[in-house]
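Good morning, and thank you for making time for this presentation. I shall take the structure now on the screen and go through a few of its features in turn.

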Amino acid sequence: MIKLQDLFQRLKEISQLGSQGWTSLENVRAVLTKLKDWLYSQEDDGELMNDDAAATLMTDTKAARQRMQTALTHLLSCVDVSTFDARLECGCFSVVILQEILQQLELVSSRALSFRITIPEEVTEKKTQNNHVPPAPPSLISIQQTKVAVDALRVAMYTSILGCLDAEASLYVKITLARTKFVLGPDLVVVPQSCQHDLLAAIMKIILPVMRHESLGVSIQQSLLPEILSSILELCFAPMGVKTYPEDAAFFRQQLEDLLRTIDMSLTLRCLLLLMGVVQDGVWLKKGCRALVVRRFLMKPGGIEAVVHAGLSICDQQDWQHCEAVAAVIAQAKTSDVNILFASLGPQLWELIKQDNLTPEVFRIVSLVVAKLAERSATMTALHVTSKLIQPLLDTTHPNAVSLCENSNLTLCISRVHKLFVEIPPPSPALTHLLRPILKPLVTVAALATTHLRSLARQIIVRYLSQLSQDDVVESLLVMSNLKTSAESAAVNPEIRFSIDDDGGLKVDTQAESHTGIVLEEDENLSICLISILETLKNSAVVLQFYEKLAFCIDFTTLNRKEVHSRILLTDEDLKMDRFEALRKIVITFSLLTHLSENEQVIKDLFINLSAALPVVSTFIKVSCQKCEDEQQRQIQISLIMNVLMLIFCYASERSSRKKMSSQDWVGLKDLLPYLEEVAQSKNNEGILLLVEQLRNLVLTHGVVEDTNIACENVKIGNVVKNHERRSTTLIVRVNGAKESNTDASVKVDVSSSSENFQENMNAATSVSEMKPKTSWTRNTFEEAMEDLFSPLLPIRGHAILTLGKLIQKRDKETLSHKEHLLSIFQFSLKEEDSYLYLMAVEGLAVLGDAFPDEVVKVLTQEFSTGNRSVEDRAKLAEALTRTTRRLGSLLPNYKGFFINAFLTGVRDKETIVRTASLSALGDVCKLLHFSLGPIVHEVFEMLDNVVKNDDDVGVRRAALLVVTLLLQGLGCDTFTVLKDVMRDLYRSLRFIHFTDTDDVVRLHAQLAMTEIDTITKQFLLPRLSLTKRIYVADLPPNTF
């Protein structure tokens, strides 16, 4: 037997070829001569042993040499002798020696196994106990030997095997040859085409068993697996080889399957993906690699994740194109049945989407896979991939939404949708179109006021709209605004409503029967949301077309029709709901137009082409002049026409003052004159007539004639009406139920109590205008503030409110004479979204309450307790009342009943924000009242104890404990006098909360309250001693007796 060391020595000589100093053909011939001399020599390897051992060794050695000679002869016989190359023979030598090493290693292993069987178990256990380290396997070779084997096989790969490969299979081998700087001779080895298959098949039959060896094959797999796979794949899938040698193709396909079972899956995937990336335009290699990836890995559980990690390991994870290539391998997989492919990929993708610990690179590829699958088949993607993702939102549109949404996690659903569709992937029309079924639930969430999910939902909607055509965007906006219906986008079930849970997320509540009472308020929030979306889109063509479609959605004449076709069986309830929906469309359209006038960006987009926008304006004017029988609907018409006229007047006036109006723009505006005449004839409203006259003068004189005073007052009147209709007027729709008697009034629209105040405010603004001298250009501060109050610029309006507050504080006579109207203005300004405006309004109400406490305190507290206001407005009003209490100072005890009753009423409110604001304000009042709080202090503490123990909201409990602290600070040393009956129970409750409550902030507030009690106790028991002595010189000391 030839020693293993001798065999590895021969491989070491071959492995030197191609390296520095061993690149010439002379070196190859020298190594080849030395190898032949070694192989064909007849040296007596057993001459130093006894005769029997020498004979056995000689026999084994001859057998080994005979095996190698036979194998080498077989390999060389596959090649034409006329084109024989020494480099080719060296490569064959390397393969033959590796085969012999494998046989000897297997022989040693088999002998060791048989020897181990013959040894008694007691001896084996004894040796194991004495030697704690287990013996090495007999087939184990050193690291240096494995490196020599790999280098020798690489020489065979770059010589004998490379010459047998076609253009596709040889591409990666040539790349690695250049990368390793392997040079052996002036050119590459060339094998005649007729000999390539036979030689390659013969070499691979020798190498494949070597690859599967437990020690020798592992190192080869780590270093040369892609090159060897290229060779095997040619024998399995190359078209010429499959047709000419079908038996060999079948044999090597089975050998490939056996080999892949022994190799690590991630290593195999990396090699296959690497070959696919190298051969971009190949005919068979890329197809064969893709088939292996799909069949062996992708269709099995966890296959997508394995492919993704393998792809990221061989490419730049930050390169977008590389990630798209990995995603294309998965999404563009070829199978005989596409349904099976999608059914297999869908659950795998859903499992990856649910994982929160995925790296951004992995999730990027997952999202790209979903996008490419959607491009391939949107229907199948929606069925197998995204159905589970959007199901919680989709359930809200189902008739059985109440039961389906009981355990739904809408917060997690929206977060995942945002992550998949917005955060990572690039825009894809096919992908975003999958959001169509949940468009209405998304816009409902986006219209909410107090959740962080609102911004996520708006971003999802903007991403969806940005991938649509202009017509489709407008159509989707109309569907979201409830002005049109779509079978693809179902509305949210009216039996449910979205609300905020304790963690700030989203939950589903059952809607009360009086759902129609808050429909218009929800539509108002929806209008604000849609205007924000239009502003984000920044598409002037969409804005123009949307408002053009919007104008045709208003039809006042439908509400005048009372006849019903005799063949249609409709109940009174159906008729009422039809009229309600017709009225609702009008209110939504009017609200969208109103909010348009307050958004400078959207106005700019609408009037970017004035000639194109004027037909839209004329359509709105026509609609506003329709015949209407209902008085309240006529008021809506008046507000609508006022809005439209002010919109065009302010825009034309501003552009004219900046010299940006062209002659064509004025010509286009003249086309509106007939419509203005129609308005003047049909509407007998003083404000409208004045505005029509002013707009006519502006257009006819091209902006030269503009009576500033009249214009300003008209703008004031119009803005009051506009804002009154938009924010202060709450339309409460009562649909008569079946229990009511038959009546013709199907829908009753009531205006909240604040509308009367604003009508008075409008009349007051007109009276102010009439009091001003028409010929004088001087105006006092109050008049300037009133004019600036209705400026389209937000900072000017805020400064005007601030100026009015300062005038009240200075007790300006003219300002104080309009106290009722100022109260309405400040109340209205509380509804502003911008903090600069509503904070100025809060301060103004506080100053006004200081000036007129008898009237203002009563009105504000009553409005806070029983007024029909939104949650945000009531919270702002609570802040205004708090500041009023601070300004009243010593007069506060006279009005404490108003404040305390109002805040105690707010504590019982169902809204969390109102309860929290009421408690915070109550704490300030109690602190300021000091000892004047009176006997109701026990009632207050009982209420606070009840809130802390029973309220579910953490914020409310925090506020209640803050009230306790403030009350203790206000009482000071009088605490033991006022609270002598409840002090013990109070302290025990605080200690119990401090040790048992789950919220850290609540425990902190309890600790602060106990600290305040400790401080008061120390001051009461240990008063400070005064070390001063007063000496009287000129004055007599007081009589101490």
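**Lys181 and the overall fold**

I begin with Lys181, which counts as exposed at 69% relative accessibility; exposed means over 50% relative accessible area, buried under 20%, and partly exposed in between, with a 1.4 Å probe and protein chains only. Lys181 lies in the loop between α7 and α8 (193-211). Although Lys181 is not a glycine, its phi is positive, about 60°. Most residues other than glycine have a negative phi.

Please note that this is a predicted model, in which local features need pLDDT of at least 70 and side-chain atom pairs count only at pLDDT 80 or more, while totals for chains, interfaces and linings use all residues. Residues are numbered from 1 along each chain as its sequence is written, and side-chain values use heavy atoms, with hydrogens and water left out.

Lys538 is in the loop between α26 (519-537) and α27 (540-551), and has a positive phi near 55°. Its relative accessible area is 64%, so Lys538 is exposed.

Turning to the chain as a whole, there are 50 helices and four strands. These are DSSP runs numbered from the N terminus: helices are H or I with at least four residues, and strands are E with at least two. Of the 1041 residues, 51% count as buried. Among contacts with a separation of 6 or more, 73% come from residues 24 or more positions apart; a contact means heavy atoms within 4.5 Å.

What does helix α12 pack against? Helix α12 covers residues 265-278, and its buried residues include Leu267, Cys271 and Met276. The buried residues of α12 pack against α7 (169-179), α9 (216-237), α11 (246-262), α13 (285-298), α14 (303-313) and α15 (320-331). The 14 residues of α12 reach 20 Å from first C-alpha to last, close to the 20 Å expected at 1.5 Å a residue, where the expected span is 1.5 Å times one less than the number of residues.

Lys62 and Ser41 are 21 residues apart in sequence and 10.0 Å apart in space, C-alpha to C-alpha.

Finally, Leu1021 is in helix α50 (residues 1000-1021), and counts as exposed at 58% relative accessibility.
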